[in-house]
Amino acid sequence: MRSFRNFSTAASISVKNTEDLKLLVTAGPHAQKAVGIWLFVSAAWVFSMVLLGGITRLTRSGLSMTKWKFTGSLPPVSDEEWLIEFEKYKQSPEYNRVNKGMSLADFKFIYWMEYAHRMWGRALGIMFALPFSYFLRKGYITPRLGLRLCGLFALGAGQGLIGWWMVKSGLEEPKSEFTEPRVSPYRLAAHLTSAFAIYSGLFWTALSVVMPEPPAESVAWVQGAAKVKRLALPVSILVGVTAISGAFVAGNDAGRAFNTFPKMGDTWIPDDIFSMKPRMRNFFENTSTVQLDHRILATATLFSICGLWWLTRKIDIHPAIRSLIGSSVGMAALQVTLGISTLLSYVPVSLGTAHQAGALTLFTLMILLNHTVRRPSLSLLKTLPLVAKTT
């Protein structure tokens, strides 16, 4: 507990040493706390959006609504309105190739799933915009923070457009009569990447508001954090790339192929991994190659995070940093376990959702780690002893 208490003390330390520190919120501790809570809630909302999107995809609900309006619309209420929506869905390739004969009750389930996902995103926009306007009027938000938040709001609005752009690809007739209708893996990856970018921006900004200075109690710990930073950044990039590769697994339904581990069927490497031309397409559209890539990246991520722990175990660093590295190792191991379990179980909704949540949780830990190993301001450095006091 001592290590994580230092996160809260860092903010109070920074308030006293601001001669060269540019605070994002300058209206005092109360304003810092209020804006920080709002941004953390916004980040948590985006986290829930990612999970709800995963559930929508896993339940094959994403193509149930064949129209889109930026402002949204009321759901069907009467039996007649439901029948009209159902008739629209019956014109889609998914109904004719996958869900032929689906009952109205089953259609209502997938419709409500997609409707909830869309409206939850619009509710996030309102929840973000109203407090933003209030804090602006109160003078809590500096121009620097305001520009950053405007950019994140624009990304959020664009995310709705990207989502429809993705769904639209699944409403088009597949080129082959033997292919199931599904959204473009490229557009799905773009949608997920955008969500991760928005989440990262909100979470990092929230941390910067409540913790303007990193936890640092000695020059030795600052030097140790700098060494960790050089290792943590490439590992974090690998975590992000692995997560995005999961979008291509989902977009190609690659999780429902080769449901064995560690081998892929009877072999370690399938024979058809370069069957598409040009070869680059295989990495994004070939089921075998996409799944093999994800397995390799996931393994590399686990070993990289374990390597990060091994290489930093003897470095003199803040206890909070050491705890974060240990937590990342545990989360990476759990995430790999969830991935294997999801594969062997033929991607049930529960495990698939847990696996997606695990990816974002691991990414969150890496964001927190990178934020914690930032270099403190010169004003704070001047006040630090060479070695931390021990109790």
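The largest cavity has a lining made of Pro214, Pro215, Ala216, Trp221, Val222, Ala225, Ile321, Thr372, Val373, Arg374 and Pro376. Keep in mind as you look around that this is a predicted model. Sort those lining residues by class and you get 9 nonpolar, 1 polar and 1 charged. Helix α8, which covers residues 219-251, gives the most to this lining, with 3 residues.

How much volume does the largest cavity have? About 50 Å³. With a threshold of 30 Å³ or more, the count comes to 1 cavity. Here is the idea behind the search: rolling a probe the size of a water molecule over the atoms shows where empty space is left.

## An open pocket

Now for a space that is open. The second largest pocket holds about 600 Å³ of space. Its lining is built from 20 residues, and Lys175, Thr179, Arg182, Ser184 and Pro185 are the ones nearest its centre.

What classes of residue line the second largest pocket? There are 6 nonpolar, 6 polar and 8 charged residues. The largest share of the lining, 3 residues, comes from helix α7 (residues 185-210).

## Pro181, tucked into a loop

Look for Pro181 in the loop between α6 (143-170) and α7. Is Pro181 buried or exposed? Its relative accessibility is 4%, and buried means under 20%, so Pro181 counts as buried.

Who are its contacts? Leaving out residues up to four places away in sequence, Pro181 touches Leu63, Pro93, Glu94, Arg97, Val98, Gly170 and Pro174. As for Gly36, its C-alpha is 43 Å from that of Pro181, and the two residues are 145 apart in sequence.

## Rings in pairs

Time for the aromatic rings. The whole structure contains 28 aromatic pairs. One of them joins Phe107 and Tyr111: the ring centres are 5.7 Å apart and the planes meet at 55°, so this pair is tilted. Both residues lie in helix α5 (residues 104-138), 4 residues apart, or about one turn of the helix. Phe107 is buried, at 0% relative accessibility, and Tyr111 is buried too, at 3%. Tyr199 and Phe203 also form a pair, and this one is stacked, with 5.9 Å from centre to centre and 5° between the planes. You'll find both of these in helix α7, again 4 residues apart and about one turn of the helix. Tyr199 and Phe203 are both buried.

Ring pairs can also link up into a group. Trp82, Phe86, Tyr89, Tyr95, Phe107, Tyr111, Trp112 and Tyr115 are joined this way into a cluster. Zoom in on Phe107 and you'll see that it touches Ser64, Trp82, Glu85, Phe86, Tyr89 and Met102, not counting residues up to four places away in sequence.

## Charges over rings

The charged end of Lys90 is over the ring of Phe86, 4.6 Å from the ring centre. Arg279 does this with Phe274, where the charged end lies 4.8 Å from the centre of the ring.

## A buried threonine

Thr301 is a residue of helix α10 (residues 287-312). With a relative accessible area of 5%, Thr301 is buried. Its contacts, not counting residues up to four places away in sequence, are Leu238, Val239, Thr242 and Leu362.

First, some background: most residues other than glycine have a negative phi, and most peptide bonds are trans. Which peptide bonds are cis? One runs from Phe261 to Pro262, with omega near 10°, and another from Lys277 to Pro278, with omega near -5°.

Arg60 has a phi near 55° and lies in the loop between α2 (29-58) and α3 (79-90). At 30% relative accessibility, Arg60 is partly exposed. Val347 has a phi of about 55°, although it is not a glycine. Its place is the loop between α11 (319-344) and α12 (349-372), and with a relative accessible area of 15%, Val347 is buried.

Conventions. Residues are numbered from 1 along each chain as its sequence is written. This is a predicted model: local features need pLDDT of at least 70, side-chain atom pairs count only at pLDDT 80 or more; totals for chains, interfaces and linings use all residues. Side-chain values use heavy atoms; hydrogens and water are left out. On a 1 Å grid over the protein atoms alone, a cavity is a set of points where a 1.4 Å probe fits but cannot get out, and a pocket is an open set with protein on both sides within 12 Å along at least five of seven lines; lining residues have an atom within 4 Å of a point. Grid points are joined across faces, edges and corners, and a volume is the space filled by probe spheres set on the points. Helices (H or I, at least four residues) and strands (E, at least two) are DSSP runs, numbered from the N terminus. Ala, Val, Leu, Ile, Met, Phe, Trp, Tyr, Cys and Pro count as nonpolar, Asp, Glu, Lys and Arg as charged, and the others, Gly among them, as polar. Buried means under 20% relative accessible area, exposed over 50%, partly exposed in between (1.4 Å probe, protein chains only). Contact means heavy atoms within 4.5 Å. Rings of Phe, Tyr and Trp (its six-membered ring) pair if their centres lie within 6.5 Å; planes under 30 degrees apart count as stacked, over 60 as edge-to-face and the rest as tilted. A charge sits over a ring if NZ of Lys or CZ of Arg is within 6 Å of the ring centre and within 35 degrees of the ring normal.
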